[in-house]
Amino acid sequence: MYSTLRAYAPSGQEPFFLELAAGATVSSALEALGIPEKTAKVVLLNGRNASASDSLSQGDLLVLFPPVEGG
Amino acid sequence: MKGWHGRLLRVELSEGRIWEEELKEEVARDFIGGRGVGIHYLLKEADPKGDPFCGKNPLIMMAGPLTGTGAPTGARYMVTTLSPLTGALTCSNSGGMFPAELRRAGWDGIIFTGKGSHPVYLWVDGSKAELRDATELWGKNTHQTEQTLRSQTHAQAKVACIGPAGERLVRFASIMNDKDRAAGRSGVGAVMGSKNLKAVVVRGKGKIPLHDPDGFKELNARLLKKFNETYKDAPPPLRLHGTAVTVMATQNYGVFPTRNFQSGIFPGWEAIHGETLSKRFLVSHKACFACPISCGRVTRVSEPPFEGEGEGPEYETVYALGSNCGVDNLAAVTKANYLCNELGMDTISMGSAIACAMEMAERGILSEKEVGRHLAFGDAEALVELTRMTGLREGFGDLLAEGSLRLATRYGHPELAMVSKGQDFAGYEPRGEQGMGLAYATSPIGASHMRGDPAYFELLGVPCNVDPLSWKDKPPVVAKWQDLFCIIDSAGLCVFFSVRNLVRPELMAPPVGIMELLNAATGAGYTLEELERAGERIFNAERMFLAKAGFSRKQDTLPPRMLREPLPEGPGKGMVCHLEEMLTDYYRVRGWTQEGIPTNQKLKELGLM
């Protein structure tokens, strides 16, 4: 979790491990982290764009950052 | 005519003659300003096959109708000319305070032709303009030049100038303004140097006439209110950490160019990330004229041997001088950035040339004797020293100053230069970001990310996310964003604000907010269709110029590494850039022949013939 979304990391640090129930999705991970649905964000699952309904498996890497105006 | 002054300053340097020329209303309306008016004049006055260092090559500095008006990020101008790096047209953009000051002095732009018999600078004090001797300034760096010129003119004057690199015709020399802002790419500073023109100094306190001043003011207030609401909980990432915050995106997508584009994953990325820059060297953030984002970085490095202070590094710089050279020493990257600013050079092409040399050295193509030192990826001291030597054309720096393509060609390996049309790649790996590959190959100035940046929708979530590895869906979107950037660059706005705040959040990016601003400022009464057509007209006018210079599909290409060597690791592992498939569809979308030439029907439709 980067930039302004880092505030939602449990200890304010990253990377960290997140334990979720079997059958968890990207959406349930975001809920567990307390990130409001309306907060604009880019979500990557193992380096690819993720959608809320994507299933998560053991060892998956989830990356979150706010949209950026340019680089 | 409102919004535009309708006034251009013409300066013939060989004769020392200055006069005023009308910017005709129909030209202003059809080409908007900035980049658009620039290509209009280049088409009219330049020889497409001419020598960039010939006096006949016009150096066109053009602001937009929103520059200096107070419209959010209306701070920018475009420098249009023939590029000594690519041999084709270029346009190079900058913000800061200088462009707004030029407009407040009552001018929409300045066109220089000819060559001074000795070094000169142009002093524009409101409606008065004169050429002054600059012999004493020749050899001074950009910071010294700016300071001296203010003492010779006015304490609050704004300066655009070249440094020693521009004087020595380094092929990627920049024009620096307000100390550390750069019209960086393609060697516009070398063209200025070839004209013996050291600087342009401007003082202007006038008002820009607006069509509907009250409506314009209300519109700006509404835009700023919306912007502040978007960021009420947390400031924009660009203000917090600068453009180098983008490293988090490119690294995680596996498109952060590393060791001359041999990989898209850089193990030392966290050391050069924008967040690290904030922790280690940031003094303050800094905004251009009328900008609510404030992405500029004022920094200071106290660590020997890389001490210094100035502005930067931006994302493109931490890629070019950092990951692409395998350097994870942020102090060294920042120091090399300071040197580029002071000597007046593009950090992207500088890093690309050094990375190319590093790969050639590691492959045994370049010997230690030729370089004058051992050279390998990751060598932070070599990075800084070679940057200095390039700006002064000392030793091996004289070869680096020719740019990566000429360097690699000299040693028989042009395929090791990561360029398109001779222009060095920006900080995005085209195999892992297919739309960027198409944008690099078809950009009128060569491999620029700022002539229709697909990173917004491929990586940065603006306005949505499209898979960076897909290619079949990219041609119409890339074409649309190229036209959009023509509008932004011509209006005098900054892309960073425009794409999120002045464009309806749809993939095909209708520029409704820009239309409203332009209409309130100018009274031109653009419809959305007319404005989008103007963007397409400008892009096609640039393409016409390229066609006249002999460019076609053959030049719309990428190095073999991108087309034939699969990406070795990361999310895009195994991918090559599917350029040929995209090009065929892209030309069809554009209404061009399959050789990449605009058809007569398309040109007639756009009023270009």
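These legends describe close-up views of a predicted model.

Local features need pLDDT of at least 70, side-chain atom pairs count only at pLDDT 80 or more, and totals for chains, interfaces and linings use all residues. Residues are numbered from 1 along each chain as its sequence is written, with chains lettered from A in the order in which they are written.

**View 1. The largest nonpolar core holds 217 residues.** Such a core is a set of buried Ala, Val, Leu, Ile, Met, Phe, Trp, Tyr and Cys residues joined through C-beta atoms within 7 Å. Buried means that 20 or more other C-beta atoms lie within 10 Å of a residue's own, C-beta atoms being placed from the backbone. Tyr121(B) is among the residues with the most contacts inside the core. Its partners include Arg132(B), Leu149(B) and Val201(B) (contact: C-beta atoms, placed from the backbone, within 7 Å).

**View 2. Helix H18 (residues 434-442) of chain B is mostly covered.** Nine of its nine residues are buried. They pack against strand E16 (419-420) and helix H20 (474-491) of chain B, among others. Helices (H or I, at least four residues) and strands (E, at least two) are DSSP runs, numbered from the N terminus.

**View 3. Helix H15 (residues 380-391) of chain B has 12 residues.** Its buried residues include Leu383(B) and Leu386(B). Helix H13 (347-362) of chain B is one of the elements covering them. Arg393(B) follows H15(B), with a positive phi near 50 degrees.

**View 4. Chain A meets chain B through 17 residues from chain A and 28 residues from chain B.** On the chain A side, strands E1 (42-45), E2 (48-49) and E3 (62-65) each supply at least two residues.

Methods: A residue is buried if 20 or more other C-beta atoms lie within 10 Å of its own, exposed if 12 or fewer, and partly exposed in between; C-beta atoms are placed from the backbone. Two residues are in contact if their C-beta atoms, placed from the backbone, lie within 7 Å. The expected span of a helix is 1.5 Å times one less than its number of residues. Lists of a residue's contacts leave out its neighbours within four places in sequence.
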